[in-house]
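Subject: Structure for your review, with notes

Dear colleague,

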Amino acid sequence: MGKGKELFTPLDSYIMLDLETTGLRPQQAKILEIGMIKVVDRKAVATFQALVNPGCIIDPFITRLTGITPDMAAGADSLEQVMPWAVEFMEDLPVLAYNAGFDLAFLKDLHPAWQDVLAVAKGMWPEEKSHSLKAMSRLLKVRRGTHRALDDCIAAMDVYECAKSLIRRQDLDFAKVYRAGKRKRAKIKA
């Protein structure tokens, strides 16, 4: 996941990140879309969304899943053109993502610190059969992602903020909840 430091404390200022990619294997897939929300003091203050021309064929499954067509991607900037803007947007804020290992594998060393929202969800709601973003959004009655980067950022931010709020109200130790979620090997079903 790069050289960023994993954080075990609740964060009130961060970048929520989501990537849509051409496949499910980071070593083979390419970034297709980047979405980010900048959160400062628990308030969303800015968003970033960019389609990326991956320079390769987009599997029809990915098009059905995301709605991103080859024509849409063909008209987009390359990753080399988009990344300077993305890095500038991120500043030095910690990066959060739902299933962070996947998204951060694409960013290499561009994140100074990170946290996995999926681990928070697994630790907070261990009894749930699915910890997918869709399942957690439904459980918490928050906005649902659509397999588009910015929409999924919004859903992940809502899940994270709900979990933090509940952890505070119940006077739980965030680090213990997070570590418990990292140990839980629940399947992520769509």
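Does K38 count as buried or exposed? With a relative accessibility of 11%, K38 counts as buried, where buried stands for under 20% relative accessible area, exposed for over 50%, and partly exposed for what falls in between, using a 1.4 Å probe and protein chains only.

Before going further, please note that this is a predicted model, in which local features need pLDDT of at least 70 and side-chain atom pairs count only at pLDDT 80 or more, while totals for chains, interfaces and linings use all residues. Residues are numbered from 1 along each chain as its sequence is written, and side-chain values use heavy atoms, with hydrogens and water left out.

The surroundings of K38

K38 is found in strand 3, and its side chain is joined to that of E91 by a polar contact of 3.1 Å. A polar contact is here a pair of N or O atoms within 3.5 Å; within protein, one of them must be able to donate a hydrogen and the other to accept it, and residues adjacent in sequence count only if both atoms are side-chain atoms. If neighbours within four places in sequence are left aside, K38 is in contact with Y14, I15, K43, A44, V45, A46, F89, E91 and L93, contact being defined as heavy atoms within 4.5 Å.

The protein as a whole

The protein has eight helices and seven strands, which are DSSP runs numbered from the N terminus, with helices (H or I) of at least four residues and strands (E) of at least two. The radius of gyration is 16 Å, close to the 16 Å that the globule rule gives for 190 residues, so the protein is as compact as a globular protein of that length; the radius is taken over C-alpha atoms, and the rule is 2.2 Å times the number of residues to the power 0.38. Along the principal axes, the C-alpha atoms fill a box of roughly 50 × 35 × 25 Å.

Of the 190 residues, 50% count as buried, and among contacts with a separation of 6 or more, 64% are between residues 24 or more positions apart. The accessible surface comes to about 9,800 Å², of which 53% belongs to carbon and sulfur atoms; such areas come from the Shrake-Rupley method with a 1.4 Å probe, and for residues only the protein chains shown count as cover.

Helix 4 and its flanks

Helix 4 is mostly covered, since six of its eight residues are buried, and these are A100, F102, D103, L104, F106 and L107. The buried residues of helix 4 pack against strand 2 (14-21), strand 3, helix 3 (79-90), strand 6 and strand 7 (113-116). One of them, L104, has a relative accessibility of 1%, and its C-alpha atom is separated by 25 Å from that of E128, 24 residues apart along the chain.

N99 is placed in the loop between strand 6 (95-97) and helix 4 (100-107), has a phi near 70°, and counts as partly exposed at 32% relative accessibility. Helix 4 is followed by K108, whose phi is also positive, near 55°. For background, most residues other than glycine have a negative phi.

S132, in the loop between helix 5 and helix 6, counts as buried at 5% relative accessibility, and a polar atom of its side chain lies 3.0 Å from the backbone nitrogen of A135. Just after helix 6, K141 takes a positive phi of about 55°.

Two further loop residues

R42, in the loop between strand 3 (31-40) and strand 4 (43-53), has a positive phi near 70° and is partly exposed, with a relative accessible area of 41%. I68, by contrast, lies in the loop between helix 1 (60-66) and helix 2 (70-74) and counts as buried at 0% relative accessibility. Beyond its neighbours within four places in sequence, I68 is in contact with E20, L32, E33, L51, I58, T63 and R148.

With best wishes
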